[in-house]
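Visitor: I am new to this structure. Please take me through it, with a close look at a single part.

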Amino acid sequence: MLVLFFYCGVGWFLRKQYIRQRLFDRYSVVRGFQAGNCSIMDQLPVEVIGNILSHLRAARDVVIASATCRKWRQACCKHLHTLSFSSKDWPIYRDLTTTRLEILITQTIFQTSGLQALSILMEDVDEFSASTVTAWLLYTRETLRQLHYNVKTMPNVNILEICGRHKLEILDLAHNSIVGVEPNYQRFPCLKSLSLSYVSISALDLNLLVYACPKIEVLELVNPEIAMSDAQVTIELSSSTLKRVYVEAISLDKFILEADGLETLHLKDCALEFFELIGKGALKHFKIDDVSVIHLDIGETVEDLETVDISNFTIIWPKFYQMISRSSNLKRLRLWDVMFDDEDEVVDMETIATCFPYLSHLSLSYDVRYGVLHYGLQGSSDLENVVVLELGWTVINDLFSHWVEGLLKRCPNLKKLVIHGVVSEAKSHEECQMLASFTTAMVEMMRRYIHVDPHFKYE
């Protein structure tokens, strides 16, 4: 009851009635009854009530809603499967002493008996007691399927040792340290998704951790602190079950990923000297955003590629084109704010139309450097299957509207046109005139392409 009184405050009764009715309106299996009909709510099975409470997620709302009656308290204790404590959900968490906060979380968790998803995200809170956090995990680990954990403790809590060898399927760790992975002991036989954000780990332990997850399908690495064993920082990961890999804010000399079944690869804000993907041609979605890499190799068997999204990246076009040119099934191609290693390189529409006959979504940013337009209109082949065309500029000139119309002519079955533009706050008279001329040209152009739905997005 102390937990309830604390969470509720002065207006707890009104709030519980509001939450109760809101949940009933959302999840009711009986429609047409007047609001406030308690007898109908009382007829709900206790398992259904537990499922309703689980959709609330936030611990504060769950505790208040469960105070409705004895049946709801019973549902919370025996049938609640999802619970979340987050300093972003309720700012008052940040104002509490660590001891008081530990007591609240402990009492709330220990009132449940079958949690399957537990989220404890306290990045804005001082360090917790390691023994208290360990008690939470030990109490829930037998039934837990998902764990989202961002808690500072002193000393560090070994999540792998506590939660290994159980039924965990999703593990999301942040601001934690992983040392001395033992794959035979700290094994995750059911884990399908692993996310490490701002985690300190050695390259060897990372490889062993992936190896300890025989069913892993999703791997996310966000700004990990890779412990250096020698002068060269190298990561080598191998998994036959991986399907999606996301890597952000990582700086390495060499990254080798061996994943025969990988379907999605996304690199963002990375600095790499060498990146190599070793697979069997299962890759379908490849995305690079603001990445610096000297040597990039995604394998020779890329026939199944459906999406290529390149932005804020410097490429050697002939080499990159050679790498993706065999992707005849490509459906989405995005080249945005791409720098070319050779300023005279040109990507012509004839090449794109010929090599990617099934392309349906094309995105290009307008770029003229040294008088060269890097996406030329040479050739006569049409982009027959393109139905969505996205075009944009960072610096506009009077040729942009002509370029847009040239591309429209090459897309006879186009349905949607999206124009992205950058509009600065301070404008000279010439810039205003340029924008006005472009607007006039687009109005006249759309009168000739009435079957195309135009959209404009400015920033």
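Which residues does Ser381 touch, not counting residues up to four places away in sequence?

Guide: Ser381 touches Glu350, Ala353, Thr354 and Arg410, once residues up to four places away in sequence are set aside. Bear in mind that this is a predicted model. Ser381 is found in a loop, the one between β22 and β23. Strand β22 covers residues 372–373. Is Ser381 buried, exposed or in between? Its relative accessible area is 25%. Buried means under 20% and exposed means over 50%, so Ser381 counts as partly exposed.

Take the contacts of Ser381 one at a time. With Glu350 the link runs through side chains: the side chain of Ser381 makes a polar contact with that of Glu350, at 2.7 Å. Thr354 is 27 residues away from Ser381 in sequence. In space, the two are 7.2 Å apart, C-alpha to C-alpha. Ala353 and Arg410 are also among the residues that Ser381 touches.

Now step back to the whole chain. It has 459 residues, and 47% of them count as buried. It holds 15 helices and 25 strands. Take the contacts between residues at least 6 apart in sequence: 62% of them join residues at least 24 apart. The accessible surface comes to about 22200 Å². Carbon and sulfur atoms account for 51% of that surface.

Helix α15 itself covers residues 429–448, 20 residues in total. From its first C-alpha to its last, α15 reaches 29 Å. That is close to the 28 Å expected at 1.5 Å a residue.

Which residues of α15 are buried? They are Phe438, Met442, Met445 and Met446. They cover an arc of only 95 degrees around the axis, which puts them on the same side of α15. The face turned away from that buried side carries His429, Glu430 and Arg447, which are exposed.

Phe128 is buried, at a relative accessible area of 2%. Trp136 is buried as well, at 0%. Another pair, Phe255 and Phe275, is tilted: 5.4 Å centre to centre, 55 degrees between the planes. This pair links distant parts of the chain. Phe255 sits in strand β13 (residues 251–258) and Phe275 in strand β15 (residues 271–278), 20 residues apart. Both residues are buried.

Helix α11 runs over residues 203–211. Its buried residues are Ala203, Asp205, Leu206, Leu209 and Val210. Seen down the axis, they fall within an arc of 165 degrees, so they line one face of α11. On the other side of α11, Leu204 and Tyr211 are exposed. What covers the buried residues includes one helix, α10 (159–163), and the strands β7 (193–197), β8 (200–202), β9 (218–222), β10 (225–227) and β11 (234–238).

Helix α6 takes in residues 70–79, with Trp72, Ala75 and Cys76 buried. Their arc around the axis is only 100 degrees, which puts them on the same side of α6. Arg70 and Lys78 are exposed, on the face turned away from the buried side.

One last stop is His148, in strand β4 (residues 146–150). Its relative accessible area is 19%. The cut-off for buried is under 20%, so His148 counts as buried. Its side chain makes a polar contact with the side chain of Gln146, at 3.5 Å. Beyond its neighbours within four places in sequence, His148 is in contact with Leu118, Ser119, Ile120, Leu121, Ile170 and Asp172.

How values were computed. Residues are numbered from 1 along each chain as its sequence is written. This is a predicted model: local features need pLDDT of at least 70, side-chain atom pairs count only at pLDDT 80 or more; totals for chains, interfaces and linings use all residues. Side-chain values use heavy atoms; hydrogens and water are left out. Helices (H or I, at least four residues) and strands (E, at least two) are DSSP runs, numbered from the N terminus. Buried means under 20% relative accessible area, exposed over 50%, partly exposed in between (1.4 Å probe, protein chains only). Contact means heavy atoms within 4.5 Å. Accessible areas come from the Shrake-Rupley method with a 1.4 Å probe; for residues, only the protein chains shown count as cover. The arc is that of the directions from the helix axis to the C-beta atoms. The expected span of a helix is 1.5 Å times one less than its number of residues. A polar contact is a pair of N or O atoms within 3.5 Å; within protein, one must be able to donate a hydrogen and the other to accept it, and residues adjacent in sequence count only if both atoms are side-chain atoms. Rings of Phe, Tyr and Trp (its six-membered ring) pair if their centres lie within 6.5 Å; planes under 30 degrees apart count as stacked, over 60 as edge-to-face and the rest as tilted.
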